[in-house]
Amino acid sequence: MILSRMAQHDSHLSRVFHALGDPTRRALLMRLGQGPLPVSVLAAPTGFALPTVLRHLEVLEQAGLIRTEKRGRSRMCRAVPVALHGAADWLAAVRSEWEARTDRLEAFLETLEDEHDPEPRD
């Protein structure tokens, strides 16, 4: 319940998940994980027009996942890996809660099974 309220009120976390929700943006971010690149180099393999790639990069930048800077006539992009920590922490907390719930369910089902089948097992 706390996690649910946290997710609803954390606009930064929402922007990160929104940015990661698109396969093109994930691919761009993966390429930037190998090092900084100019926008033109990032755009080339996508097959999209430059304005479309720029919109994707803007979403990534608004989420804090990348930074861009003008260098001469080109714009360089670099990944900001630390920006993923909040999402990773949230996912870890949710996973922990789900695992605890499934552990409790498993224990409950075992007690039901034991009550229904009084014969001990080997």
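Which residues does His 18 touch, not counting residues up to four places away in sequence? Select His 18 in helix 2; helices (H or I, at least four residues) and strands (E, at least two) are DSSP runs, numbered from the N terminus. With that exclusion, His 18 touches Arg 25 and Val 59, where contact means heavy atoms within 4.5 Å.

This is a predicted model, in which local features need pLDDT of at least 70, side-chain atom pairs count only at pLDDT 80 or more, and totals for chains, interfaces and linings use all residues. Residues are numbered from 1 along each chain as its sequence is written, and side-chain values use heavy atoms, with hydrogens and water left out.

His 18 counts as partly exposed because its relative accessibility is 49%; buried means under 20% relative accessible area, exposed over 50%, partly exposed in between (1.4 Å probe, protein chains only).

Next, select helix 5 (50–62). Its buried residues are Val 53, His 56, Leu 57, Val 59 and Leu 60. Seen down the axis of helix 5, these fall within an arc of 155°, so they line one face of the helix; the arc is that of the directions from the helix axis to the C-beta atoms. Their cover includes helix 2, helix 3, helix 4, strand 2 (66–71) and strand 3 (74–79). After helix 5 comes Gly 64, with a positive phi near 80°.

Finally, select Leu 42, Leu 57, Leu 60 and Leu 65, the residues with the most contacts inside the largest nonpolar core, which has 21 residues. Such a core is a set of buried Ala, Val, Leu, Ile, Met, Phe, Trp, Tyr and Cys residues joined through side-chain atoms within 4.5 Å. Helix 5 gives the largest share of this core, 4 residues.
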